[in-house]
Each structure stands twice: as C-alpha cells, then as structure tokens.
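Please look over the sequence and the model before reading on.

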Amino acid sequence: MWSSVRTGLSAVAVLCIVAASGCMSTAPRTEPPLKYPPPKTVDVVDECHGVRVSDPYRWLEELDSAEVKAWIAAENELTSAYLARIPVRERIRQRLTVLWNYERYSVPFERGGRYFYLRNDGLQNHAVLYAMDSLEALPRVLIDPNTFSADGTVALAGYAASDDGRLLAYGVSSAGTDWVEYKVRNVDTGEDLADHLKWIKFSAVSWDKKGEGFYYSGYDEPKDPTKLEAVNRYQKLFYHRLGSPQSADALICHNPDDGEWGFHGRVTDDGRYLVISVGRGTEPRNRVYYVDLAARATDVIRLIDVFDARYSFIDNDGPIFWFHTDLDAPRGRVIAVDTRHPARENWKEIIPESTETLTDVSAIHNMFVASYLKDAHAAVRIFEESGSPVRDVDLPGLGSVSGFAGRRSDRETFYLFTGFNTPPTIYRYDMQTGRSTVFRRARVDFNPDDYDTQQVFYPSRDGTRVPMFITSRKGLPRDGDNPTFLYGYGGFGASVTPYFSPATVAWMEMGGIYAVPNVRGGGEYGRAWHDAGRLKNKQNTFDDFIAAAEWLIANRYTRPDRLAIGGASNGGLLVGACMTQRPELFGAAAV
C-alpha cells in the first residue's frame with residue numbers, strides 16, 4: 001500500500017496555482033509576466049570522469065546563508081502577492097476547511113478481549129488512543145497525546161499491549177525527534193507504572209507471553225555536545241523486566257563490529273520464540289536470528305545469516321517458521337522454514353509467486369491472509385496453511401487496504417479500505433464466514449456516489465503498458481476541455497495506490513479531473529518495475545509520465561493549457577524533468 005508517500009503539497013496552493021494558470025478557466029490570460037528576483041550565478045565547474053559540469057547555482061545549497069535566505073524571502077513575497085489576487089482562493093480555503101474536518105480512525109486490534117484504536121475528531125493535533133472492553137462497549141480514553149504539552153509538540157510514538165490486555169507500553173516523542181521514551185500504563189486504572197526507558201529509536205516493543213516485560217531496540221546514551229545531532233550507530237536489542245531500572249535491562253543481541261546493523265525483536269504469539277530481524281542500513285534485505293525462550297537460554301541462533309533477500313516473519317507452527325520473502329520471487333511468496341532442519345534445501349514453498357505483487361501476509365484463524373497489488377489496487381486472498389486457496393475478500397471497489405492483523409487463534413480481523421472517491425472506512429472481517437461489516441466510517445461533507453474512479457492502460461514511449469487511475473465527477477464530458485491535475489511519484493519502490501484526499505474532492509467539485517499514472521520506479525509490479533525506473537533507466541519514469549499526459553490529451557480528457565502536473569519529494573524531480581523536456585505539454589506545474 002502507498003502508506004509512506006503522499007502529495008505533500010499545500011492543497012490551497014496547488015488549487016490556486018492551477019486555477020490562476022488558466023486550467024480552471026477558458027478566459028484569456030492578460031496579466032503581464034511576473035518579474036522574478038534574479039538569482040546570481042557563480043563560476044563553479046566540476047570534472048566527473050573527464051566531463052566538465054557547470055553548476056552556476058551552487059551557492060543556493062547554503063540554505064543558512066543570509067544571501068540565500070534573502071533570495072527565498074523575495075521569491076515567497078512574489079508568490080504570496082500573486083496568490084492573494086486570485087478571487088477563487090478564499091472559496092477554496094473555506095471548502096477545504098469543511099472537507100478536512102472529519103473523524104479519522106486507525107484499524108483496531110484486540111488483546112485479552114479488549115480493543116484498542118486511535119481516533120481524531122477532525123480538528124485535534126494528535127489522535128487519541130481509546131480502549132473498549134468489547135465491540136459493544138463504550139470507548140474510553142486511554143491516552144490523549146494532546147495533553148502531553150501545551151504547544152502540541154509532544155506526540156504518541158508507538159504502543160503495544162500485553163497479551164492479557166492489562167498493560168500498555170507506549171512511546172513519547174518530543175519536538176519531532178526520532179528519539180522515543182517508553183512508559184507503561186495500567187489499562188484498568190489509566191495510571192503509569194514507574195518504568196521509564198530512554199534512548200530508544202527505530203524500534204517497536206514486543207511483550208513476553210506473561211506480560212512481565214518486553215523487548216525493544218535502543219542505543220547507548222549519546223555523548224554531549226552533539227547528543228541530538230550525531231549519527232546513531234551500533235543499535236542493540238534489550239529485554240526490560242517491569243519494575244527494574246533500565247540500567248539492568250538484559251542485552252540480547254548486537255554487533256560491535258558493524259555500526260550499521262539494526263535489531264528488531266518480536267515474540268511469537270505462542271510465546272516460545274523471540275524472532276530477531278537483523279537489518280543493515282537502508283538495504284531492503286535482512287537476516288533472521290531467534291532465541292528459544294522455552295529453553296530458558298539466551299543463546300541467539302542464526303537461522304538465516306546472509307543479506308540476500310527480505311524475510312518478513314509471519315508466524316510459526318511450533319518449530320516451523322513462515323516467512324513472506326522476495327527470495328527468488330521479486331513479487332513475493334510465502335515459505336516455511338523448519339528450525340530443526342534449517343538447511344535451504346529443506347525450505348518449503350507454501351504460497352508461490354503470483355503475477356500480482358504480494359505486499360503483506362498474516363496468519364489468522366489458522367489461515368493466511370495475503371494482500372496483493374493487482375495493477376496498483378488492492379486484492380486480498382485467503383489461503384489454507386497448506387497454501388490451498390480458500391476465497392477472495394470482497395472489497396468495495398478500486399482502492400487500497402491496510403490492516404488484516406491478528407493471531408492464529410482469532411476468528412476476526414479488521415481492515416481499512418479507501419480510494420480516491422472513498423473516505424477511509426474500517427471493516428470487521430469474519431474469518432469463518434468471509435463477511436465484512438462496517439466498524440467505523442469516516443463521514444465527509446460530500447457524496448462519494450457522485451464521483452467515479454476508472455483505471456486505464458496506455459503505452460509508454462518504449463511500448464511498456466502503464467496503468468493510470470482517473471477520478472472525476474460522473475458524467476463529465478470528454479470534450480478535451482476539462483482542467484486536469486496529473487500527479488506522479490515513481491521512485492524508491494513506493495507504490496502509488498488509491499488514497500483519499502480532501503484536496504482531490506475540492507478539485508473535482510470545481511470540475512477537475514484527477515489522474516495518477518503508476519510510472520516505473522515505483523513498486524506496483526515488484527522489484528523489476530522499480531529497477532526499470534532507476535539509475536540508468538530513470539528516463540523511463542519521465543517517459544511514462546509524459547505518455548500519460550499525451551494519452552489524456554489524445555483521448556479528449558483535456559488539452560495542454562488545461563493540464564497541470566504535480567509531485568512531491570521524488571515526484572518533484574519527476575515534474576522538474578518533464579516540464580523541462582516537454583514544456584509545451586503542460587499549462588502549470590506544482591512541486
């Protein structure tokens with residue numbers, strides 16, 4: 001799912017820019033050209049492998065210099081003055097204010113018969129964590145991060161409930177730092193225990209079966225004066241026993257010879273094993289170690305001791321471990337590893353690689369729930385533990401899903417479904433009957449039935465078939481005159497799947513079309529799709545995006561002067577390249 005990538009653009013700014021550019025109006029543009037602050041140039045030339053490369057704007061990289069700050073201030077002053085003159089801007093702001101004010105929920109999970117989930121009423125700085133003693137019980141506030149600080153700069157940063165649901169370990173982060181301090185709250189009384197852990201980063205926590213303590217990953221306390229600035233190295237995996245000081249926490253695993261290694265521990269649902277995922281830097285590959293907790297030993301057993309693929313632990317059936325992996329399967333598969341006979345020739349394939357990309361797998365009610373990307377939208381399938389198909393989950397339409405967490409003993413699970421014209425909705429899924437029922441539904445001030453999302457496929461420059469989502473008001477004429485916003489990303493293996501945005505709703509209410517092509521460089525079709533849009537193949541990403549614009553024009557959705565393009569982060573690189581290569585193809589660009 002496209003959970004880590006969002007447009008990142010100011011909705012008001014984007015809508016105003018495309019409106020002001022003429023994309024929202026057929027009236028001729030009569031304003032004189034803007035007079036931009038002239039940037040200076042410097043005589044900087046680098047020589048790379050015998051090639052001289054001029055970089056006259058190198059001075060702009062000094063972001064803290066007075067000269068750069070003055071140039072940025074002048075640019076901002078020009079932009080603000082221009083946007084302030086746009087008559088439609090205030091109407092857009094008012095409409096977005098209404099649309100953005102809706103309840104948001106996280107997918108709930110159950111521990112010890114209790115249910116936990118986050119809720120934001122629409123205007124809160126931070127979502128509030130609620131607990132319910134049953135699905136029919138009234139929810140009660142367990143943790144309200146809005147009370148952590150007066151200025152809202154202290155946030156809830158992770159939480160995990162003990163197996164019996166009595167205790168909750170929760171993290172607190174201040175001023176946006178990645179450093180997290182963990183505390184423990186009594187779920188019945190709402191009071192915190194004395195436990196207080198510091199210098200934790202890039203870590204979740206995992207309770208032992210009895211709720212006597214939990215595992216976490218942290219670092220030695222950094223030294224002054226660069227305590228919050230220095231690069232963090234040599235992460236360690238610890239066990240904290242409740243009631244003891246952090247200084248007494250047991251060191252489980254670390255690598256004193258390589259500071260890039262990271263360790264993440266997870267206790268299996270049966271409580272017998274601690275499974276340790278070992279990563280190195282940002283590589284999408286990991287090793288797998290484990291500790292047999294039932295043996296009352298602390299020996300770390302190296303099950304998979306090479307960085308050759310990604311191995312995501314799913315669950316275990318006694319000594320047999322199930323993994324979601326891309327080993328010999330770029331689009332993902334499920335394998336079983338018997339820890340008693342761990343040699344690779346004994347590994348068994350349970351769910352083979354499919355034509356779709358396998359994004360997530362969980363083990364619930366003695367079955368596998370497998371989430372796929374099928375042409376960049378969600379498909380979910382249920383399998384027996386043997387790998388035999390059971391059924392497909394009936395989803396509401398073209399969209400994205402998240403959730404489907406649980407344990408092998410659970411009869412139910414929960415998932416979130418959303419789409420370009422579908423506000424986030426939480427469903428309860430009955431694993432026995434295959435029936436989905438609404439648990440919580442976001443209520444947004446618009447009618448989803450008035451809009452439609454379709455998926456088309458178009459050829460890129462080299463003939464590659466690329467999918468694209470097109471969302472608009474139903475019945476919108478294809479007369480070549482519709483204002484259209486084309487959004488793209490295409491990088492880091494991130495998949496752009498359907499998502500809900502109030503800004504998109506406001507755009508479509510004004511008569512706009514929202515188009516999202518799944519260009520190469522993303523992960524929509526697995527590793528091969530990503531590799532086809534990176535490094536020496538990066539031009540494919542730009543060609544795919546340009547071809548999407550040409551297709552929309554050729555099929556009379558819009559025309560060049562009514563076509564705006566946008567992208568954030570890596571999408572900004574995409575937009576910059578495309579507007580440079582094909583400036584005549586677009587009427588506006590926003591990054």
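## A partly exposed arginine

At 27% relative accessibility, does Arg559 count as buried, exposed or partly exposed? In this predicted model, Arg559 counts as partly exposed, because its relative accessibility of 27% lies between the limits of 20% for buried and 50% for exposed residues.

The side chain of Arg559 meets that of Asp481 in a salt bridge, with a distance of 2.2 Å from N to O. This pair links distant parts of the chain, 78 residues apart: Asp481 belongs to the loop between strand S33 (465–473) and strand S34 (484–487), while Arg559 belongs to the loop between helix H6 (539–554) and strand S36 (563–566). Asp481 is likewise partly exposed, with a relative accessible area of 25%.

A salt bridge of 3.4 Å, taken from N to O, joins the side chains of Arg272 and Asp292. Because Arg272 lies in the loop between strand S16 (261–267) and strand S17 (273–280), whereas Asp292 lies in strand S18 (residues 286–292), the pair ties together parts that are 20 residues apart in sequence. Arg272 is partly exposed, its relative accessible area being 34%, whereas Asp292, at 17%, is buried.

Arg287 forms a salt bridge with Asp305, and the closest N and O atoms of this pair are 2.9 Å apart. Arg287 is buried, with a relative accessible area of 14%, while Asp305 is partly exposed, with a value of 33%.

## The salt bridges as a set

Side chains of opposite charge can pair when their charged atoms come close. The count for this model comes to 44 salt bridges. Elsewhere in the chain, salt bridges that share partners join Asp46, Asp55, Arg58 and Glu61 into one network.

## An open sheet of four strands

The model also contains an open sheet of 4 strands, which follow the order S24-S25-S26-S27 and pair in the antiparallel sense. Its edges are strand S24 (357–364) and strand S27 (389–392), each of which pairs on one side only. From one strand to the next, the twist averages 25 degrees.

Within this sheet, strand S25 (residues 367–374) and strand S26 (residues 377–384) form an antiparallel pair over 8 bridges. Phe368 stands opposite Phe383, a residue of S26.

Key: Residues are numbered from 1 along each chain as its sequence is written. This is a predicted model: local features need pLDDT of at least 70, side-chain atom pairs count only at pLDDT 80 or more; totals for chains, interfaces and linings use all residues. Side-chain values use heavy atoms; hydrogens and water are left out. Two strands pair if DSSP finds at least two bridges between them. Helices (H or I, at least four residues) and strands (E, at least two) are DSSP runs, numbered from the N terminus. Axes are lines fitted to C-alpha atoms, for helices over the stretch in contact, and angles run from 0 to 180 degrees between N-to-C directions. A salt bridge is a side-chain nitrogen of Lys or Arg within 4 Å of a carboxyl oxygen of Asp or Glu. Buried means under 20% relative accessible area, exposed over 50%, partly exposed in between (1.4 Å probe, protein chains only).
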